[in-house]
Amino acid sequence: MKVGLFIPCYINQLYPQVGKATLELLEKLNVDVVYPSGQTCCGQPMANSGYENESVGACTHFVNNFKTFDYIVTPSGSCAYHVKKHFDVIPQTEDVINVRNNVYELCDFILNVLKIKDVGASFPYKVGIHKSCHGLRGLRLGSCSEKVTPEYSYIGELLAEVTGTEIIKLSREDECCGFGGTFAVAEEAISVKMGKDRVQDHLDHGAEVITATDTSCLMHLEGLITRNKQPLKVLHIAEILNSVN
Amino acid sequence: MSHSQAAAIFNKDEKKVNWHDKALWFVRHKRDKAAHSVTGWEALRNLGQGIKAHTLSNLDNYLIQFEENALKNGVQVHWAKNADEHNKIVHSILKAHNAKKVVKSKSMLTEECHLNPFLEADGIEVIDTDLGERIVQLAKEPPSHIVLPAIHKTKEDVDALFQEHLGTKPCAGDPQYLTGEARKHLREKFVNADAAITGVNFAIADTGGFVVCTNEGNADMGAHLAPVHIACMGIEKIIPKQEHLGVFLRLLGRSATGQHITTFSSHFRKPREGAKMHIVIVDNGRTEQLSRPDFRASLQCIRCGACMNTCPIYRRSGGHSYDATIPGPIGSILSPGKDLTKHSTLPFASTLCGSCSDVCPVKIDIHTQLYKWRQIITKEVPQPFVKKSSMKFMGTMFAKPATFEKVGKAARWSLRNLPKGVINSKPNVWGNARDLPSGPEESFDEWYKKRKKDE
Ligand code: SF4
């Protein structure tokens, strides 16, 4: 099994530690993982802003980088979802179809392809799970509170096996944090308010750490937490799953 | 005004935002409980969606069948192409009966057509009889929500309004006193009305009957007392058979307010003796929306309001920020179909979180349609130069790894080295309320290359 690692553009530049944790974690789990250098972005920022046409170059580049792998794994539910859902802006060659079928969000890959629940991590803190929307309602990485279906959560299942971690319950299990790409800037007032409320829900329930499958949500929340000097840390789920105490 | 500007104004009063958010979340929560108490809820949603989709693809036939049956029942049927025709028809019916005083039960269609001002201009008194509607009518505001029209008003607001318009005593917002007074005031209007106007929730093709759902019984009171009943419906309100009604009544009450069923589901089929019944069937842009394959499903909407209650943006920006008759997620996909330029910011007033699509009892793919409107709007409505050119620039950058690396490096350097005051200055909207990440020395890419070399 040959696995290609996709590190989203903003993680590459701003949160390299998330990329490192993802790579190290996969290696620890004995995955034959390669990071094709020269990769950039899945095209989501342009497409979600209404400029799908401008994303064609990024999509094509993505497929060229990853077409030879059995699986493509990424520490971002939202990028994986974008590849699956919106890559129909480029012609649907066999390569494109394969890439779309084989792209996986990290937790989904560990749990459902590798079939591993306990990754051997230890992280003795109170953790709140922010269920990032595109992974949740796009990739169905967990059950959604609106739907009447059996309850499950990939990120929750993995985290439950981490030694010492206490998962806290939130009042609003799967409310959006208000990041939303260019929404964060175009609708600043609402975006900030949503983020503040999301942080508060975690504080109210005694969380020490907020984790998620998406660094974009966490970047937004972290921006508010540091500005408002609040006693919370944000960590991508890969960083928690990769930690040993 | 763009949605974001209106939302920013609404957000100046954070306490009020918190209150509005909690009030609507409470309704969403009640909805969850009600939905989760139904085994097979998802199957029911599938059924509702299926019936609606089938109806939309045979709309002409079902409408004609409905008309035939309604005529047989002794109801007069009128067709209106647009809002103006609708208003004129209603006006002419009222004129013919010399009706001067009208009681109206809540109808978003008559809101959409701006019927009240049209009739009032001719000296006809129109009283909205749904309590929430009456409150916003007194405040001279449009409804801010389709099920809870006055949800943006606190009980203290209502107290003040009633004192001013109904001469009530100050009561510190005592809901019991206020509803009691409203009831007295409305009773008087019902008894003296010359005609009643209602909306239509479901029109049934195979019987020619229709159903109006209210929680206050005000449609009943109006229609049963006045000598003339005019029911106004959009063409999409039709369902094929009486037996389908149960599906929608079950979905509607639970999705709207978390009730098993709306308190009153009033079935009308024929005029009572000596009275007259009219139905006005209105298009007003619906056929055009039907002709757009990507947006056709928006006409499945049964107007439960659940997408508004669940929408984290709606809850924090208020219904009026959408500046449209139907606000919130569903409004944001209906409104651009009517006036793309006026409503061009609405499809962007979303994080595409998808909660609306999952909550929708008839499974309208709302967030997918928002995404699709965005693609159309950037082509057809002039966009800010900065947005357009930055998207173009990003598009090129992400197609070329070398450029991406250079730009990334420069950005990281700035984040590390420029003073905070410069980074968070005006043009960087992100920085008004949020810090930016610190800008690491090394990108993942650089780290990986080094690591490989060291191996
Ligand atoms: S779109 Fe769906 S959720 Fe929204 S009002 Fe219509 S039926 Fe209800």
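Guide: A crossing of two helices is left-handed if the near helix is turned anticlockwise from the far one by less than a right angle. The model discussed here is predicted.

Visitor: In which hand does α5(A) cross α6(A)?

Guide: With that definition, the term applies to this pair of helices in chain A. The crossing in which α5(A) passes α6(A) is left-handed.

Visitor: Are α5(A) and α6(A) parallel, antiparallel, perpendicular or oblique to each other?

Guide: Helix α5 (residues 77-86) of chain A packs against helix α6 (residues 94-102) of chain A at an angle of about 140°, and their axes are 8 Å apart. Angles over 145 degrees count as roughly antiparallel, and 65 to 115 as roughly perpendicular. The angle therefore makes α5(A), relative to α6(A), oblique.

Visitor: How many residues of the contact of α5(A) with α6(A) are charged?

Guide: From α5(A) come A:V83, A:K84, A:K85 and A:H86, which meet A:V99, A:R100 and A:N101 of α6(A). Of the residues in this contact, 2 are nonpolar, 2 are polar and the charged ones number 3.

Visitor: Which residues of chain B lose the most area to chain A?

Guide: The contact involves 74 residues from chain A and 76 residues from chain B. Between them the chains bury about 6,300 Å², with 58% of it on carbon and sulfur atoms. On the chain B side, 12% of what is buried comes together from the residues that lose the most: B:F398, B:R434 and B:F444.

Visitor: How many residues in the shell around the ligand are nonpolar?

Guide: The ligand is surrounded by 13 residues, and the closest are B:C301, B:C304, B:G305, B:C307 and B:C360. The shell has 1 polar residue and 1 charged residue, and its nonpolar residues number 11.

Methods: Residues are numbered from 1 along each chain as its sequence is written. Chains are lettered from A and ligands numbered from 1 in the order in which they are written. This is a predicted model: local features need pLDDT of at least 70, side-chain atom pairs count only at pLDDT 80 or more; totals for chains, interfaces and linings use all residues. Side-chain values use heavy atoms; hydrogens and water are left out. Axes are lines fitted to C-alpha atoms, for helices over the stretch in contact, and angles run from 0 to 180 degrees between N-to-C directions. Helices (H or I, at least four residues) and strands (E, at least two) are DSSP runs, numbered from the N terminus. Angles under 35 degrees count as roughly parallel, over 145 as roughly antiparallel, 65 to 115 as roughly perpendicular and the rest as oblique. Contact means heavy atoms within 4.5 Å. Ala, Val, Leu, Ile, Met, Phe, Trp, Tyr, Cys and Pro count as nonpolar, Asp, Glu, Lys and Arg as charged, and the others, Gly among them, as polar. A residue is near a molecule or strand if one of its heavy atoms lies within 4 Å of it. Buried area is the accessible area (1.4 Å probe) that two parts lose on being put together, summed over both.
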